[in-house]
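Colleague: I would like to go through the strands and sheets here. Please tie each term to its definition.

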Amino acid sequence: SAGGVRVWDAVTGESLFSLKHSRLVKSVAWSPDGSRIATSSTFDDVQVWDAVTGEVTGENVLSLKHSRLVKLVVWLSDGSRIATGSDGVRVWDAVTGENVLSLEHDRLVKLVAWSPDSRRIATGSDDGARVWDAVTGESLFSLKRSRLVDSVVWSPDGSRIATGSAGGVRVWDAVTGESLF
């Protein structure tokens with residue numbers, strides 16, 4: 001919400017602690033091991049917090065800086081990387097906070113999805129979806145839609161990508177970028 005994130009006990013409903021931000025929080029994501037929480041707020045603020053104590057200081061917490069609105073934050077399944085969506089996508093080392101990869105977009109990035117094998121990244125913005133090499137940052141292909149892409153997801157085996165928009169769902173070949181149906 002505006003000003004922060006509240007963490008609740010899922011069994012008792014008890015409020016455990018709050019994570020304070022100076023602006024509206026746009027995205028929240030738990031690390032895969034549950035030890036940290038990443039939050040993004042409007043403009044340039046991404047924080048990685050200790051998920052047990054709610055602290056923003058210490059060995060396992062980070063501050064990741066952007067120059068524009070940060071729409072989302074997504075962890076890689078092994079917890080080693082964090083992707084943030086803004087005027088492009090930045091991929092960060094989840095331990096050091098080093099920006100290890102930048103994926104440039106013409107429009108604000110609203111969606112990021114790691115492939116099941118962690119070797120590719122699908123991104124979505126007002127101008128459609130794109131697939132990138134997650135190591136080199138090379139743009140592999142675009143998934144062009146006539147409407148804004150609202151959702152992007154990989155099939156569990158990584159062979160297909162589905163995009164959703166006001167016009168419905170389209171399924172794509174994840175190797176060639178060809179529209180299947």
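Colleague: What makes β10 and strand β11 (residues 120-125) a pair, and in which sense do they pair?

Modeller: Two strands pair if DSSP finds at least two bridges between them. β10 and β11 have five bridges, in the antiparallel sense, so they count as a pair. V109 stands opposite S125 in β11. As for the basis, this is a predicted model in which local features need pLDDT of at least 70, side-chain atom pairs count only at pLDDT 80 or more, and totals for chains, interfaces and linings use all residues. Residues are numbered from 1 along each chain as its sequence is written, and side-chain values use heavy atoms, without hydrogens and water.

Colleague: What is called a strand?

Modeller: A strand is a DSSP run of E with at least two residues, numbered from the N terminus.

Colleague: Which order do the strands have in the open sheet with β10?

Modeller: The order of its four strands is β10-β11-β12-β13, with antiparallel pairing. β10 (109-114) and β13 (139-143) are at the edges because each has a single partner strand, so one side of each is left without a neighbour in the sheet. Neighbouring strands are turned by 20° against each other on average, direction ignored; axes are lines fitted to C-alpha atoms, and angles run from 0 to 180 degrees between N-to-C directions.

Colleague: Why are β6 (72-75) and β9 (99-104) said to stand at the edges?

Modeller: An open sheet of four strands runs β6-β7-β8-β9, paired antiparallel. β6 and β9 each have a single partner strand, so one side of each lacks a neighbour in the sheet. The twist there averages 20° from one strand to the next.

Colleague: How many bridges join strand β8 (residues 88-93) and β9?

Modeller: Five, in the antiparallel sense. V91 has L101 in β9 as its bridge partner.
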